Amino acid sequence: GCGWLAMGKISVSEAAYLTAVLHALKYPAHAVNGVLLGSFADGGVRVEQAVPLLHSDLALAPMMEAGLALIDEHCAASKSQVVGYYHANAVHDNKDVSAVAKRIADKIHETVKERCKHEACLMVVDNLKLETVASKMRTSTDLGGECGVRVLVKNGGSGAWVASPEKAEIEGTEQGSAQARLVELVAKGKQASLVDFDNHIDNHSLGWMQPVV
């Protein structure tokens with residue numbers, strides 16, 4: 001079936017967008033990933049928060065599972081839900097959904113569907129597009145809504161992750177205010193203070209899951 005066509009509007013908060021992108025920028029030589037938290041309403045998805053997970057070996061299942069278990073505990077306490085997954089590839093010009101990304105996104109999609117009968121989404125950070133955004137911002141304010149990330153949904157028929165039928169709304173990106181904030185944060189070196197689960201495992205004193213922006 002093509003259940004995915006029934007998926008309503010996907011909206012992403014500016015904070016979730018900025019967190020995922022800062023995570024990718026902190027580790028430009030690595031693939032990075034994280035989980036998207038928020039809520040499901042009116043057949044659509046509202047992404048409120050991005051929780052940075054890994055930047056070392058994304059295929060390392062035990063680390064991934066440990067991180068997801070802690071996120072589940074956090075969700076239970078904070079009344080939020082896992083609504084999706086984000087991923088950035090290590091290879092600069094590769095914007096495809098890698099095999100590892102697909103496997104993890106599929107797993108999260110399956111878990112979410114079992115839990116609450118909803119469809120999780122996948123946010124892909126496109127490193128090359130981010131560079132375009134940065135260079136465009138030096139010369140003009142009109143980015144035409146380009147923000148360096150794409151939001152995908154799972155096609156119920158083929159199982160592939162495809163562009164959302166209705167364009168996802170990423171707060172502040174149409175006007176360019178989110179991208180301006182990103183440039184500002186990067187200028188301050190804010191990405192250096194972002195803590196993912198890998199960092200937290202290496203040093204427990206680093207608070208993980210606190211909002212970065």
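Start with what covers the buried side of helix α3. Select β2 (32–41), α2 (61–78), β4 (81–88), β5 (121–125), β6 (149–154) and β7 (161–163); these are among the elements that cover the buried residues of α3. Contact here means heavy atoms within 4.5 Å. Helices (H or I, at least four residues) and strands (E, at least two) are DSSP runs, numbered from the N terminus.

This is a predicted model: local features need pLDDT of at least 70, side-chain atom pairs count only at pLDDT 80 or more, and totals for chains, interfaces and linings use all residues. Residues are numbered from 1 along each chain as its sequence is written, and side-chain values use heavy atoms, with hydrogens and water left out.

**Stop 1: helix α3**

Select residues 99–116. Helix α3 has 18 residues and reaches 26 Å from its first C-alpha to its last, close to the 26 Å expected at 1.5 Å a residue. The expected span is 1.5 Å times one less than the number of residues. Now color Ala101, Ile104, Ala105, Asp106, Ile108, His109 and Val112: these are the buried residues of α3. Buried means under 20% relative accessible area, exposed over 50%, partly exposed in between (1.4 Å probe, protein chains only). Step to Lys117, which follows α3 and has a positive phi, near 60°.

**Stop 2**

Which residue forms a salt bridge with Asp106? Select Lys154: the closest N and O atoms of this pair are 2.8 Å apart. Lys154 lies in strand β6 and Asp106 in helix α3, so the pair ties together parts that are 48 residues apart in sequence. Lys154 is buried, at 15% relative accessible area. Asp106 is buried too, at 18%.

Next, select Asp72 and Arg115. They form a salt bridge, with the closest N and O atoms 2.8 Å apart. Asp72 is in helix α2 and Arg115 in helix α3, so this bridge ties together parts 43 residues apart in sequence. Asp72 is partly exposed, with a relative accessible area of 29%.

A salt bridge is a side-chain nitrogen of Lys or Arg within 4 Å of a carboxyl oxygen of Asp or Glu. The whole structure holds 10 of these salt bridges.

**Stop 3: Lys9 and Glu166**

Select Lys9 and Glu166. Their salt bridge has its closest N and O atoms 3.5 Å apart. Lys9 sits in the segment before β1 (10–12), and Glu166 in the loop between β7 and β8 (169–170), 157 residues apart. Lys9 is partly exposed, at 36% relative accessibility. Glu166 is partly exposed at 37%.

**Stop 4: the largest nonpolar core**

Select Val12, Tyr17 and Ile71. Of the 60 residues in the largest nonpolar core, these three touch the most other members. Helix α1 (residues 14–26) gives the most to this core, with seven residues. A nonpolar core is a set of buried Ala, Val, Leu, Ile, Met, Phe, Trp, Tyr and Cys residues joined through side-chain atoms within 4.5 Å.

Zoom in on Ile71. Not counting residues up to four places away in sequence, Ile71 touches Val35, Leu37, Val51, Leu53, Val82, Trp208 and Met209.

**Stop 5: Asn199**

Finish in helix α6 (residues 197–202), where Asn199 is found. Is Asn199 buried or exposed? Asn199 is buried, with a relative accessible area of 10%. Leaving out residues up to four places away in sequence, Asn199 touches Lys26, Tyr27, His55, Leu194 and Leu206.
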